[in-house]
Protein chains: 4
Amino acid sequence: MSNFSIILGNVGNFSDRFMGCGYQRDYRLDEMFDRVASVKGVTGVELVSNWHVSAENVKQVKQNLERTGLKLVSIIPDHFGVKKYGKGAFTSKDPSVREQAVRETKEMMDIAQFLGGDLVSLWPGQDGYDYPFQGDYIQERTWFEEGVKECCRYRKDVRVSIEYKQKEPRNFSYPSNVSSTLLMIGKIAEPNCGVTIDYGHGAVAYENLAESVAILKKYGDKLFHVHMNDNYGFWDDDMITGSIHTIPYVEFFYWLKRTGYKGYISTDQYPYREDGRDACNESVRWFELFEELAANIDDKSIDALYKSGSAVDVSAYMRKLLFNR
Amino acid sequence: MSNFSIILGNVGNFSDRFMGCGYQRDYRLDEMFDRVASVKGVTGVELVSNWHVSAENVKQVKQNLERTGLKLVSIIPDHFGVKKYGKGAFTSKDPSVREQAVRETKEMMDIAQFLGGDLVSLWPGQDGYDYPFQGDYIQERTWFEEGVKECCRYRKDVRVSIEYKQKEPRNFSYPSNVSSTLLMIGKIAEPNCGVTIDYGHGAVAYENLAESVAILKKYGDKLFHVHMNDNYGFWDDDMITGSIHTIPYVEFFYWLKRTGYKGYISTDQYPYREDGRDACNESVRWFELFEELAANIDDKSIDALYKSGSAVDVSAYMRKLLFNR
Amino acid sequence: MSNFSIILGNVGNFSDRFMGCGYQRDYRLDEMFDRVASVKGVTGVELVSNWHVSAENVKQVKQNLERTGLKLVSIIPDHFGVKKYGKGAFTSKDPSVREQAVRETKEMMDIAQFLGGDLVSLWPGQDGYDYPFQGDYIQERTWFEEGVKECCRYRKDVRVSIEYKQKEPRNFSYPSNVSSTLLMIGKIAEPNCGVTIDYGHGAVAYENLAESVAILKKYGDKLFHVHMNDNYGFWDDDMITGSIHTIPYVEFFYWLKRTGYKGYISTDQYPYREDGRDACNESVRWFELFEELAANIDDKSIDALYKSGSAVDVSAYMRKLLFNR
Amino acid sequence: MSNFSIILGNVGNFSDRFMGCGYQRDYRLDEMFDRVASVKGVTGVELVSNWHVSAENVKQVKQNLERTGLKLVSIIPDHFGVKKYGKGAFTSKDPSVREQAVRETKEMMDIAQFLGGDLVSLWPGQDGYDYPFQGDYIQERTWFEEGVKECCRYRKDVRVSIEYKQKEPRNFSYPSNVSSTLLMIGKIAEPNCGVTIDYGHGAVAYENLAESVAILKKYGDKLFHVHMNDNYGFWDDDMITGSIHTIPYVEFFYWLKRTGYKGYISTDQYPYREDGRDACNESVRWFELFEELAANIDDKSIDALYKSGSAVDVSAYMRKLLFNR
């Protein structure tokens, strides 16, 4: 079984641009740790800076980790919810803002290490653009690469993983898909720089996520972390994993196994109108099921499928694997 | 169990705009009938005029129906693959073309009745437009309604069912989604006029097809026929049913049951690179599975789900229903 | 020239699910009125209940209207940003919530009339569903129709206009597209019930908005109001009108003219990272340009285009009309 | 002014999967050359192997080139319309098919050189997959890279340019977007290997094509060729350039200028229901206009826009640039 974790905020309150107050009630930090710990099979937690962890509350966080026995899987520096980063963090047109993005990332690398973690997962949600003629694409991608490179070189014992997304909150993001991010990582050229797959981000970019896992293996073995959720294909709906798709997740878990992925698999969802803890629990239950189904795929069968490439054979095999029909 | 059928061409050859010769070999009419009849559980067949049936070969078709024991489920008049209809059939700017579309539909109503059928399924693929300022939308929708109305009044013992599609081959089709088509049917105002759902066409229009079934029930009980396939959500990929989605089909079959649908369920797919017969067989095997799963949903459970509206409860119930977990 | 207006919040602050504090600073009510009034060519304003107008501040609003000379174009009841409506307003599974939605709508009809308006524009953003098996589609659409009907009958001197949207904040909305909404209006069957087009909502539903105007004309003359913005086609990006598309807006304004639309045209945008007042000013400047271009289309030219349906002729005509080439 | 060219088939007949006979009449090779030559401002032509050029008719092609004075801009080897390549050319599971794809590409490199060209543009339309579990993504991408590398090394005086596309005719293509293709080119590691941008292919992959030009500049200066058309964003509609979008093309031409692109710009469209020659002429007229508008952008203005990143400023500048308002 893989290691499963939950982003702390997933068991909290969720707002959108219309419901600013959130659809749920707010939860205290300690409550959220308890809620994560209550989900069977979960051994890790991810934190977002500012929202959950900062230099000020690092001891409280440490106590919560110890109390619940949860491992710190990663810290996600908040480059998306602070007003100064509204027009970009690593790619802000203001050099002092770019400098802050780097400095705060380094700080989170230190804190992650202090809390027993070794991973910072960057989600550069504001690093992109909205309108034509708004950005100098070459310059801004270069700023991004330079900033992340500086973070990577700051300390080699913490990995820096870039989570790509095609859009939202910007209409266009610079690390937009798996290949776009790998190009940047090629320029960054640091061994502790890799990629976080968010299943739903990839799906919105019309990626088959199993192929994205393969691409990350092939071009540098760069899959560092995984975030999970489901959606309808057009937007990052951040739904419970397995609520819409089934077979594509089996293929995804199969390729995680095939490529030897050993990291954590986290929920990353926005169950606006559900209890967050229960919605995370549902996703984890589906993780277990998909992983078990993937584990049941034997080498002989897969070799035959990859040799024939027959969609008819795939269909029959899937029906047998999933439903014993 | 529902009645399952296959569109005859689904077991034949498939071309696209690049592979004009088709990916498979061509099959003779008799061969195709045999191939359909060989799929276990299939009792009906649909024919496309010109491609499979015409005034000239109607006896050969009748013999094939008798020989194989297949019921004629519908005839689909070819309003999409004949050059004269390239810029529209019922909505051609040329009145003589519009008149031909009506006349040929009536002819197919006669032939359907002669062959033991009672349904003509219209797929007005060319009735739409590609560019801004190309069509007078009010005039052309009116032409469409007038033409179909005339067909419906021609003989009341044959039903005329309109299959909607958002796009392809036109960039915009007039009967674009379930509601757009119901508006037209309201103007046509004939009891023998209804709707054919093509699962994939609806999905590309971002319909949840279970809701589309409900809409057709609510606004006039107008679901006359069903075509099945799967896709990735952006295009009418016409894949094997069940190859990508699972739960959405269970909900679709559940709503067919809930609304008392009694008609046929046909494959309508383009398995370009597969043997068509085997690909249809796969879809039918999934039909059976989905229908059985839908049948296992009890009223008490569904009432509880609809009362709570809880996505967490839905998720747990689906996992239990499908995988007994 | 048409009458142009601005939704008051468009000149304020904008948050999203990540930037809860908003990208801009907050503005006081009076400031926002001044900002609207400062946009040349704007003579009206729309208000959202709770956010801008309520029984408590109605006098302050009236003073602002009088002071600025702006006409109240509509009130949009807040059925989307109040926690009790998080799982639906008119379609809440809780009858007391449905009742509140109706009552508050009636209250806003009274206030609109008191403030010199005659239009309430409903945007039932929460009336839909997110997951399969979450909603009884027939029951919930019926609740929606019953609730709106009751509002329409409450007072005939105020029009009730439904703004459709395919998704967001729900993954599926009940009034999802122009035709879906017209079906509901057919059941509501009240002359003071109509439709608000939001250009971007239609575009995300893959509507050609010019055709949507035509459809509203043809099926009951039901276009009551217009909201404007631009997007990339996949999401309600709520950008400055004219920033991405050009020709489609010319066709849209042409069909407004052709169908005799006499109402207001409002900005409805979320310029997160821009000064809202300036972004509205930009949209209004584009409105003027598009309307002038549409006005320059003569009947003879358009008749020739609609007769030939030639995309080549359209292309040449557009290049001439827009760029005199 | 850039150099403009036309793919020969663009002035011919166009079929789709429903209209196998094509919407137009067929044209002879000589006629098509004449039709291309008749478009003002066009100095080059592209040919597809099998469809237009082969070892058998190479003299006839040469005579046509000489007769019309058109330069051979590229040959596109037909890896998409021959049955043997139906399940892949460079990535066929059959090694003999992969070998043929390489051999035929080399042959076209020779013929291109013989005809005065120096470019082969690969469009590996069949190199991808349709269903989950159908392909071994790592193996098949490696086959692709090996095959193309062998072609590149065959003769250094002919450039080999890969045209990416997210989907169609496969549901997933291996060279799916600009970055995915650059990753492959990194592995191929030959200086004569680059990228063909097809504007519409990029748009369907939700690329802002101006950014794609920038990416190709930044990561190796790899833009070798450009194909042009327009679409609605969801499918490769292959429409007349400029029929839907305006400002995005201005930005695209601006970035061609900014990055010093010196190659040809070709039409690549499927004007099914239009006269192909006239539809190409329309695109070329828009090319000229967009290029002129891009040329009118001065460095000072663009520097100010890129410094502020203000969407309001961009909007005002575009309205001034395009419409002098």
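Helices (H or I, at least four residues) and strands (E, at least two) are DSSP runs, numbered from the N terminus. This report describes a predicted model, in which local features need pLDDT of at least 70 and side-chain atom pairs count only at pLDDT 80 or more, while totals for chains, interfaces and linings use all residues. Residues are numbered from 1 along each chain as its sequence is written, and chains are lettered from A and ligands numbered from 1 in the order in which they are written.

Chain A contains 11 helices and 10 strands. The C-alpha trace of chain A extends over about 60 × 45 × 40 Å along its principal axes. A compact globule with 325 residues would have a radius of gyration near 20 Å, and the 19 Å of chain A agrees with this. The radius of gyration is taken over C-alpha atoms, and the globule rule is 2.2 Å times the number of residues to the power 0.38.

## The contact between chains B and C

In this interface, 36 residues of chain B are in contact with 36 residues of chain C; two residues are in contact if their C-beta atoms, placed from the backbone, lie within 7 Å. Six helices of chain B each supply at least two residues of the side that touches chain C, namely H4 (137-154), H5 (178-188), H7 (209-218), H8 (247-258), H10 (299-308) and H11 (311-323). H7(B) gives the most to this side, with five residues. By class, the side of chain B that touches chain C has 18 nonpolar, eight polar and 10 charged residues. Here Ala, Val, Leu, Ile, Met, Phe, Trp, Tyr, Cys and Pro count as nonpolar, Asp, Glu, Lys and Arg as charged, and the others, Gly among them, as polar.

Chain B is superposed on chain C by a rotation of 180 degrees with 0.0 Å of shift along its axis (RMSD 0.0 Å). The two copies are thus related as by a two-fold rotation axis. In chain B, the C-alpha nearest the axis belongs to B:Ser179, 2.6 Å from it. The same surface serves both copies, since 100% of the contact residues of chain B recur in chain C. For such comparisons, copies are superposed by least squares on the C-alpha atoms of residues with pLDDT of at least 70 in both.

## The contact between chains D and C

Between these chains, 27 residues of chain D are in contact with 27 residues of chain C. Helices H8 (247-258), H9 (276-295) and H11 (311-323) of chain D each supply at least two residues of the side that touches chain C. That side of chain D has 13 nonpolar, seven polar and seven charged residues.

A rotation of 180 degrees with 0.0 Å of shift along its axis also superposes chain D on chain C (RMSD 0.0 Å). The C-alpha of D:His245 is the one in chain D nearest the axis, 2.8 Å from it. The copies meet through the same surface, because 100% of the interface residues of chain D are also interface residues in chain C.

## Helix packing

Axes are lines fitted to C-alpha atoms, for helices over the stretch in contact, and angles run from 0 to 180 degrees between N-to-C directions.

| Helix pair | Angle | Axes |
|---|---|---|
| H4(D) and H5(D) | about 60 degrees | 9 Å apart |
| H10(D) and H11(D) | about 155 degrees | 9 Å apart |
| H8(C) and H9(C) | roughly 65 degrees | within 8 Å |

H4(D) and H5(D) are therefore oblique to each other, whereas H10(D) and H11(D) are therefore roughly antiparallel. Angles under 35 degrees count as roughly parallel, over 145 as roughly antiparallel, 65 to 115 as roughly perpendicular and the rest as oblique.

The crossing of H4(D) and H5(D) is right-handed, and H8(C) likewise passes H9(C) in a right-handed crossing. A crossing is left-handed if the near helix is turned anticlockwise from the far one by less than a right angle, and right-handed if clockwise.

In H4(D), the residues D:Arg141, D:Phe144, D:Glu145, D:Val148, D:Lys149 and D:Cys152 meet D:Met184, D:Lys187 and D:Ile188 of H5(D). This contact has five nonpolar, no polar and four charged residues.

## Backbone features in chain D

D:Asp221 is found in the loop between helix H7 (209-218) and strand S9 (223-228) of chain D. Its phi is near 55 degrees, a positive value in a residue other than glycine. The peptide bond from D:Glu168 to D:Pro169 is cis, with omega near 5 degrees. D:Pro169 lies in the loop between strand S6 (159-163) and strand S7 (172-173) of chain D. Most residues other than glycine have a negative phi, and most peptide bonds are trans.
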